[in-house]
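Thanks, everyone, for making the time this morning.

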Amino acid sequence: MITVWGEGRGIRVVWLLEEMGLPYRLRDVNLLEDISKDTEFLAINPCGFIPALQDGDMVMVESIAIMEYLLGRYGRQSKSALAPAPDAPNFGLYQQFLHLGEAGLAGMLYFHVITKNIAPEAERNNWTARESVEIFRNRLQLVSRQLALAPYMAGEYFTAADISVTYALTFAQAAGGLTLGKDERNYWERMTARDGYKRALSSCHATRNWLAKALS
Ligand SMILES: N[C@@H](CCC(=O)N[C@@H](CS)C(=O)NCC(=O)O)C(=O)O
């Protein structure tokens with residue numbers, strides 16, 4: 001049985017598992033509590049960040065790498081094509097947005113979010129945190145440009161790249177306090193209306209409660 005440790009970006013993994021129709025178990029990891037007491041989790045990821053994936057003896061971190069692992073290992077037996085084949089014309093676009101969702105968007109904005117929420121009061125307004133928003137907004141232009149050309153990040157159909165980018169847009173609105181443009185917001189609403197997302201959200205209790213408060 002596949003185990004997903006922790007929510008946060010773990011919802012990307014849970015959403016993908018739901019879209020693939022693979023069974024899994026979600027193990028809560030509460031970063032708001034003293035993580036040093038969760039020795040079971042620290043045995044999985046000694047660095048203490050989430051999400052992590054456990055599949056038999058295989059343990060790994062990094063949400064995008066985890067998605068690539070699941071698609072590579074189980075993609076052929078899944079219900080739908082969530083990753084274009086390497087020789088498909090849209091493979092490059094797919095790879096770009098799959099990684100941009102974390103490396104260019106959520107990962108960049110992370111420093112704004114933690115500064116805004118947990119930095120000492122006097123250090124909240126600083127150049128690095130502001131720059132993190134600027135970089136996020138800069139990379140977001142690639143998403144906007146793609147949406148002017150096609151309904152999905154990889155073109156004409158839904159892929160794991162949409163899961164990656166949609167999480168970043170959720171994070172930006174709910175944790176970063178940012179407002180999206182009309183096209184990005186419409187895209188985000190379309191993606192989060194999917195049954196696979198709704199099933200993922202019903203598994204991810206902490207995320208569901210967080211979004212209910214943050215986006216109301
Ligand atoms: N690039 C990593 C980012 C992981 C990450 O920053 N996770 C956050 C929560 S979503 C976390 O655990 N933060 C606490 C920490 O880094 O100690 C991924 O995509 O999995």
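What follows is a walk through the domains, the surroundings of the ligand and some of the helix packing.

Please keep in mind that this is a predicted model, in which local features need a pLDDT of at least 70 and side-chain atom pairs count only at pLDDT 80 or more, whereas totals for chains, interfaces and linings use all residues. Residues are numbered from 1 along each chain as its sequence is written.

Let me begin with the overall division. The protein is split into domain 1, residues 2-77, and domain 2, residues 91-214, with bounds that come from an automatic or database domain assignment. The C-alpha centres of the two domains lie 19 Å apart. Across the boundary, 15 residues of domain 1 are in contact with 16 residues of domain 2, where contact requires that the C-beta atoms of two residues, placed from the backbone, lie within 7 Å. On the side of domain 1 that touches domain 2, the elements giving two or more residues are α1 and α3, and the largest share, seven residues, comes from α1. Helices here are DSSP runs (H or I, at least four residues), numbered from the N terminus. By class, that side of domain 1 has eight nonpolar, one polar and six charged residues; Ala, Val, Leu, Ile, Met, Phe, Trp, Tyr, Cys and Pro count as nonpolar, Asp, Glu, Lys and Arg as charged, and the others, Gly among them, as polar.

Now, which residues come nearest to the ligand? Of the 13 residues around the ligand, they are G8, R9, F49, I50 and S63, and a residue counts as near if its C-beta atom, placed from the backbone, lies within 6 Å. The shell around the ligand draws at least three residues from each of domain 1 and domain 2, and α4, residues 91-118, contributes the largest share, with three residues. Six residues of this shell are nonpolar, four are polar and three are charged.

Turning to helix packing, α1 (residues 10-20) and α3 (residues 63-74) have axes 9 Å apart and pack at an angle of about 20°; axes are lines fitted to C-alpha atoms, for helices over the stretch in contact, and angles run from 0 to 180 degrees between N-to-C directions. That angle makes α1 roughly parallel to α3, a label used for angles under 35 degrees, while those over 145 count as roughly antiparallel, 65 to 115 as roughly perpendicular and the rest as oblique. In this pair, G10, R12, V13, L16, L17 and M20 of α1 meet S63, I66, M67, L70 and Y74 of α3, and the contact has eight nonpolar, two polar and one charged residues.

In the next pair, the axes of α4 and α5 (residues 127-149) come within 8 Å and cross at roughly 155°, and these helices are therefore roughly antiparallel to each other. Their contact involves, among others, L105, M108 and L109 of α4 and V133, F136 and L140 of α5, and its residues divide into 11 nonpolar, five polar and two charged.

Finally, the axes of α5 and α7 (residues 182-192) come within 9 Å and cross at roughly 75°, which makes α5 roughly perpendicular to α7. Here L140, V143, S144 and L147 of α5 are in contact with D183, E184 and Y187 of α7, giving four nonpolar, one polar and two charged residues.
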